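This report walks through several helix contacts and a handful of individual residues. Please keep the sequence and the model at hand while reading.

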Amino acid sequence: MSVQRVPVLVVGGAYTGLTTALSLAARGVRPLLVERRPGAATLPKAWGLNTRSQELLHTLPGVRQRLEQALGEVRWPRMSHGVSLADPGRRFLDPAQGQPDPLPLSPVPPLAWISQAQVEGILRACAEDAGAELRHGTEAVSLTQDGGKVTVTLREARSGRRYTVEADYVVAADGNTSPVREMLGVPVRGSGVIGHMYIITFEADLTRYVEKGAVEVIGMPGSGSSFILDGSERHTLWVDYFPERGESPADFTEERCLERVRRAIGDPSVDVTFVNARFFPINHKMADRFRVGRVFLAGDSAHACPPNGGQGGNLAIQDAYDLSWRLALVLDGQAGPGLLDTYETERRPVIQITLDRELALAKVSEGRVPASYNPADPDAPVPTPREFLGFRYHSAAVRTEPDDDGSLQEDPWHPTGRPGGRAPHVELTDGTRTLSTLDLFGAAFVLLAGAEAADWAAAAEHAAERLGVGLVAHRIGDRLTDRDGLWGARYGVGPTGAVLVRPDGVIAWRGRTSAADPEGELTAALTAVLAR
């Protein structure tokens with residue numbers, strides 16, 4: 001019997017796996033994704049895409065339009081505290097006045113409040129449209145690898161049939177308990193399981209107490225529970241659960257779940273329909289390695305964090321994107337295998353910041369929200385744009401400048417344009433439409449050059465041809481203009497300078513002014529970044 005050979009096998013079909021499959025397929029690599037569940041998830045699970053996740057997903061074919069359609073009119077989630085939903089004294093925890101406005105940082109909303117199930121449906125449709133092969137009801141049961149391939153045994157859940165697939169690379173996107181990670185023998189470290197929750201999904205008309213379509217996170221201090229209202233009539237109640245005190249899943253009968261929901265609503269006259277209840281462990285851990293040979297860990301298989309700040313799913317999407325563009329370039333021959341080592345080098349430090357912050361937030365939370373929270377407190381352990389837009393990467397895939405301070409974050413409201421940071425948003429026009437610098441990124445490397453930098457633009461064309469690398473050059477001030485005069489300051493270059501941006505929208509190299517040998521400098525930068 002013949003063995004199927006694929007360039008990349010993705011194990012797991014949630015945020016991480018679907019983003020990986022779509023991003024690879026969009027770059028010309030047709031992956032195979034296997035998911036042990038028999039069908040698509042329908043329960044909400046996580047909510048909310050932060051700015052960085054939206055920016056990355058918008059570069060993938062079909063996602064932007066489907067996301068915008070699913071979101072409809074953007075509703076901002078509000079946070080409140082009260083004895084119950086019906087409590088007339090319920091107190092809203094709105095952002096403090098005087099905090100920096102996140103809107104100028106990106107062309108996308110600061111937060112897209114949409115359920116994970118909805119996003120996964122979008123990613124699944126787009127991945128299939130792009131050419132990825134998705135197989136549900138299929139799990140990986142064993143793997144071996146050598147210098148040239150990974151051999152994986154798959155099993156169909158319904159029939160029990162086993163068969164073999166060979167892959168150039170494998171991406172383990174199989175979640176917090178990751179069987180692939182266990183097969184590889186990779187240990188995890190961190191605080192481990194720091195708590196437990198039961199998530200009760202129910203349907204009810206709550207418009208007596210909240211506006212129709214309201215998007216809110218409501219905490220009830222002292223009750224160990226919190227509501228998430230996602231704009232529909234299907235909601236969730238997060239309930240603290242203590243197996244160490246003798247509680248068990250058997251205690252969460254439908255009758256008990258409905259009683260907890262009614263108590264949290266605070267109005268016994270509201271008609272409530274039980275949908276589902278499920279156990280959710282709260283984890284804080286990081287795998288010792290994100291790579292073993294040709295197998296990579298991404299998303300929850302590589303790290304898991306408490307859900308209180310809503311960043312776990314966002315980290316998964318960002319891992320998947322950052323790994324997939326590297327895999328695509330290596331498989332296409334544009335980059336050397338060494339580029340794959342930079343995935344963990346870059347991601348691990350910035351992920352650690354989020355994991356530690358989420359741990360601090362979980363310690364002061366009940367259910368999903370802080371038991372007490374002052375929005376004006378700059379030390380409050382809540383996610384901010386500094387964390388997910390102000391990150392800085394350091395690796396061989398970044399041409400760090402001699403005076404770089406090695407910092408892992410910077411103020412996104414005052415970007416420096418230093419290599420390793422996210423390329424800032426600047427509004428541009430081509431004479432007929434308005435766009436963002438971010439709209440130029442995603443498919444290939446991009447060189448942004450100043451109005452007087454024709455030499456850099458010409459060098460990009462020659463270097464791309466010489467190296468056989470996808471590289472597009474744009475002169476700001478030629479066909480694209482910066483009406484507000486911000487691009488040079490935000491990218492830290494003069495009118496004769498240029499900036500090289502990677503497919504993930506991260507600045508890889510910068511030439512502040514003109515150079516004696518622009519082609520030589522740019523070729524050297526690309527060669528180093530691509531591990532050639």
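## The α1 and α7 pair

Helix α1 and helix α7 pass one another in a right-handed crossing. The model in which this is seen is a predicted one, and in it α1, which covers residues 15-26, packs against α7 at an angle of about 30°, the two axes lying 8 Å apart. Angles under 35 degrees count as roughly parallel, and α1 and α7 are therefore roughly parallel to each other.

From α1, the residues that make this contact are Y15, T16, T19, T20, S23 and L24, and from α7 they are G313, A316, I317, A320, Y321, S324, L327 and A328. Sorted by class, the contact of α1 with α7 has eight nonpolar and six polar residues, and no charged ones. As background to such lists, an α-helix has 3.6 residues a turn, so residues three or four places apart point the same way.

## Helix α7 and its flanks

Helix α7 spans residues 312-331, and its 20 residues reach 28 Å from the first C-alpha to the last, close to the 28 Å expected at 1.5 Å a residue. How much of α7 is buried? The count is 19 of its 20 residues, so α7 is largely enclosed by the rest of the structure.

The C-alpha atoms of N308 and E358 are 6.6 Å apart in space, while the two residues are 50 residues apart in sequence.

## The α1 and α4 pair

Helix α1 also meets helix α4, and here the two axes come within 9 Å and cross at roughly 30°. The two helices α1 and α4 are therefore roughly parallel to each other, and the crossing in which α1 passes α4 is left-handed.

On the α1 side the contact involves Y15, L18, T19, L22, A25 and A26, which meet Q116, V119, E120, L123, R124, C126, A127 and A130 of α4. By class, this contact of α1 with α4 has ten nonpolar residues, together with two polar and two charged ones. Y15 and T19 are among the α1 residues in this contact, and Y15 and T19 are also among those that α1 brings to α7.

## The α3 and α4 pair

Helix α4, made of residues 116-130, has a further neighbour in helix α3, made of residues 63-71, and the axes of α3 and α4 come within 10 Å and cross at roughly 150°. Are these two helices roughly parallel or roughly antiparallel to each other? Angles over 145 degrees count as roughly antiparallel, and α3 and α4 are therefore roughly antiparallel to each other. The crossing of α3 past α4 is right-handed.

In this contact V63, R66, L67 and A70 of α3 meet V119, I122, L123, A125, C126 and D129 of α4. The residues of the contact of α3 with α4 divide into eight nonpolar and two charged, with no polar ones. V119, L123 and C126 are among the α4 residues that face α3 here, and V119, L123 and C126 are likewise among the α4 residues that meet α1.

## Individual residues further along the chain

In strand β25, which comprises residues 498-501, sits L500, a residue that is buried, with a relative accessible area of 0%. Leaving aside residues up to four places away in sequence, L500 touches F445, V446, L447, L471, V506, I507, A508, W509, L522 and L526. The C-alpha atoms of L500 and G190, two residues 310 residues apart along the chain, are separated by 36 Å.

E452, in the loop between β23 (445-449) and α10 (454-467), is exposed, with a relative accessible area of 55%. With residues up to four places away in sequence left out, E452 touches R475, P495 and T496, and from C-alpha to C-alpha E452 lies 44 Å from L355, at a separation of 97 residues in sequence.

A531 belongs to the segment after α12 (518-529), and A531 has a positive phi of about 55° although it is not a glycine. With a relative accessible area of 31%, A531 is partly exposed.

Methods: Residues are numbered from 1 along each chain as its sequence is written. This is a predicted model: local features need pLDDT of at least 70, side-chain atom pairs count only at pLDDT 80 or more; totals for chains, interfaces and linings use all residues. Side-chain values use heavy atoms; hydrogens and water are left out. Axes are lines fitted to C-alpha atoms, for helices over the stretch in contact, and angles run from 0 to 180 degrees between N-to-C directions. Helices (H or I, at least four residues) and strands (E, at least two) are DSSP runs, numbered from the N terminus. Angles under 35 degrees count as roughly parallel, over 145 as roughly antiparallel, 65 to 115 as roughly perpendicular and the rest as oblique. A crossing is left-handed if the near helix is turned anticlockwise from the far one by less than a right angle, and right-handed if clockwise. Contact means heavy atoms within 4.5 Å. Ala, Val, Leu, Ile, Met, Phe, Trp, Tyr, Cys and Pro count as nonpolar, Asp, Glu, Lys and Arg as charged, and the others, Gly among them, as polar. The expected span of a helix is 1.5 Å times one less than its number of residues. Buried means under 20% relative accessible area, exposed over 50%, partly exposed in between (1.4 Å probe, protein chains only).
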